[in-house]
Amino acid sequence: MMRQDAFSQWLGISVDEVRPGYCRLTMIVRPEMTNGFGIAHGGIAYSFADSALAFAANAAGYVAKTVHLSCEYIRPANANDLLQAEAVEKERTHRFSYMEIIITRNTEKVAVLHGMAYLSDKVWSIPPTSSEAQ
C-alpha cells in the first residue's frame with residue numbers, strides 16, 4: 001500500500017508495524033511542514049494520523065476509507081521532531097472500524113485523534129511495478 005501512497009511518501013513516513021486494526025508509523029517534521037509560527041502545521045499531524053488509520057484499516061486486505069477523523073492538538077511539534085503515530089482499532093462492526101490514533105514525540109502526546117473507516121467487501125491489490133511485470 002505504501003508503494004502507491006504518494007502523499008505518505010511525501011510526508012516521509014516509515015511504516016514500523018502494521019496488522020489488521022493496528023499501525024505504528026514514524027516521521028520527521030521537515031522545516032517546510034511548519035507554519036508562520038515555526039511549528040508543524042496542524043494539517044501535518046492530521047494527515048499523519050489519517051495515514052496511520054488507513055494502514056490499520058486496510059491491513060486486512062479489503063478497501064477501507066476514512067469517513068470521519070477528529071483531532072485534539074495537545075502540544076506543538078517543531079521542525080526536526082521525530083513523531084510516532086499509533087492507530088488502534090477500538091471497535092469494529094460489519095461496515096465500520098473505529099480507531100484511536102495517538103501522535104507522540106518521545107513520551108509526550110502531541111495529538112489524539114478519533115476516526116472511523118468504512119470497510120468495503122472489495123479486495124485491494126497493488127499493481128506490479130514495471131520491473132515486477134517483466
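Me: Which strands count as a pair here?
Reply: Two strands pair if DSSP finds at least two bridges between them. This model is predicted. In it, strand E4 (residues 82-92) and strand E5 (residues 96-105) pair over 8 bridges, in the antiparallel sense.

Me: How many residues does the hairpin from E4 to E5 pass through?
Reply: That hairpin joins the two strands through 3 residues.

Me: Which residue in the hairpin of E5 and E6 takes a positive phi?
Reply: Asn106, with phi near 55 degrees. This hairpin has 2 residues between its strands.

Me: What joins strand E2 to E4?
Reply: 7 bridges do. Strand E2 covers residues 22-28, and E2 and E4 run antiparallel. Thr26 stands opposite Gln84 in E4.

Me: How do side chains sit along a regular strand?
Reply: They alternate between the two faces of the sheet. Keep that in mind as you trace E4, which pairs with E5 and is joined to E2 by bridges.

Methods
Residues numbered from 1 in each chain as written. Predicted model: local features only at pLDDT ≥ 70, side-chain atom pairs only at ≥ 80, totals over all residues. Heavy atoms only, no water. Helix = DSSP H or I, 4+ residues; strand = E, 2+ residues; numbered from the N terminus.
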